[in-house]
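Biologist: I would like to learn how to read a pocket and a ligand site. Can you take me through one model?

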Amino acid sequence: MLKDDCIFCKIIKGEIPSQKVYEDGDMLVFKDIEPKAKVHLLAVPKDHYKLLSELDKNRSAALCRIMQKLPQIALDNGCKNGYRLVVNQGDDAGQTVFHLHIHILGGENLPWE
Ligand code: AMP
Ligand code: ZN
């Protein structure tokens, strides 16, 4: 289910433009508007929920299919030597968009501090 006041739902519906790199029935992958690395993509499930604690059977199955596809999507988009996945959850993590999304970061050596 999509939500009217959610920016990622609007991107999924095509109401807000995005630089899409991949789409299937489970997810949309597009470039982050404020990249934090040379490659910075967002993999967004086509179902509106905020947190992993809201996973049910269907969402879990979709998220598993999504995760299985991320290695090839990362490779196809310039992550030749690895990449980092980040899933911010809630306030302490600084989550700003309340629709679950997986950051894919790479294309360069990433600092780990
Ligand atoms: P988070 O802080 O984990 O909630 O990440 C939200 C991400 O969404 C940030 O990295 C933003 O730069 C990104 N973002 C917000 N609006 C857009 C947009 N319209 N198109 C692409 N990325 C966006
Ligand atoms: Zn949403």
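Modeller: We will go through the pocket, the ligand contacts and the cysteines of this predicted model.

Biologist: What is the volume of the largest pocket?

Modeller: The figure is about 520 Å³. Next, look at the lining. It has 24 residues, and those closest to the pocket centre are Phe-8, Asp-32, Ile-33, Glu-34 and Leu-42.

Biologist: Which elements give two or more residues to that lining?

Modeller: There are helix and strand contributors: α1 (7-13), β2 (27-31), β3 (39-45) and β5 (102-106). α1 gives the most, with three residues.

Biologist: Now the ligand. Which residues come nearest to ligand 1?

Modeller: Of the 16 residues around ligand 1, the nearest are Asp-32, Asn-88, Thr-96, His-101 and His-103. Then read the polar contacts, pairs of N or O atoms within 3.5 Å. A polar side-chain atom of His-103 is 2.8 Å from an oxygen atom of ligand 1. The backbone takes part too. Val-97 places a backbone N or O atom 3.0 Å from a ligand 1 oxygen atom. For Ile-33, a backbone N or O atom is 3.2 Å from a nitrogen atom of ligand 1.

Biologist: Are Cys-6 and Cys-9 buried or exposed?

Modeller: Buried means under 20% relative accessible area. Cys-6 has 5%, so it is buried. Cys-9 has 0%, so it is buried too.

Conventions. Residues are numbered from 1 along each chain as its sequence is written. Chains are lettered from A and ligands numbered from 1 in the order in which they are written. This is a predicted model: local features need pLDDT of at least 70, side-chain atom pairs count only at pLDDT 80 or more; totals for chains, interfaces and linings use all residues. Side-chain values use heavy atoms; hydrogens and water are left out. On a 1 Å grid over the protein atoms alone, a cavity is a set of points where a 1.4 Å probe fits but cannot get out, and a pocket is an open set with protein on both sides within 12 Å along at least five of seven lines; lining residues have an atom within 4 Å of a point. Grid points are joined across faces, edges and corners, and a volume is the space filled by probe spheres set on the points. Helices (H or I, at least four residues) and strands (E, at least two) are DSSP runs, numbered from the N terminus. Buried means under 20% relative accessible area, exposed over 50%, partly exposed in between (1.4 Å probe, protein chains only). A residue is near a molecule or strand if one of its heavy atoms lies within 4 Å of it. A polar contact is a pair of N or O atoms within 3.5 Å; within protein, one must be able to donate a hydrogen and the other to accept it, and residues adjacent in sequence count only if both atoms are side-chain atoms.
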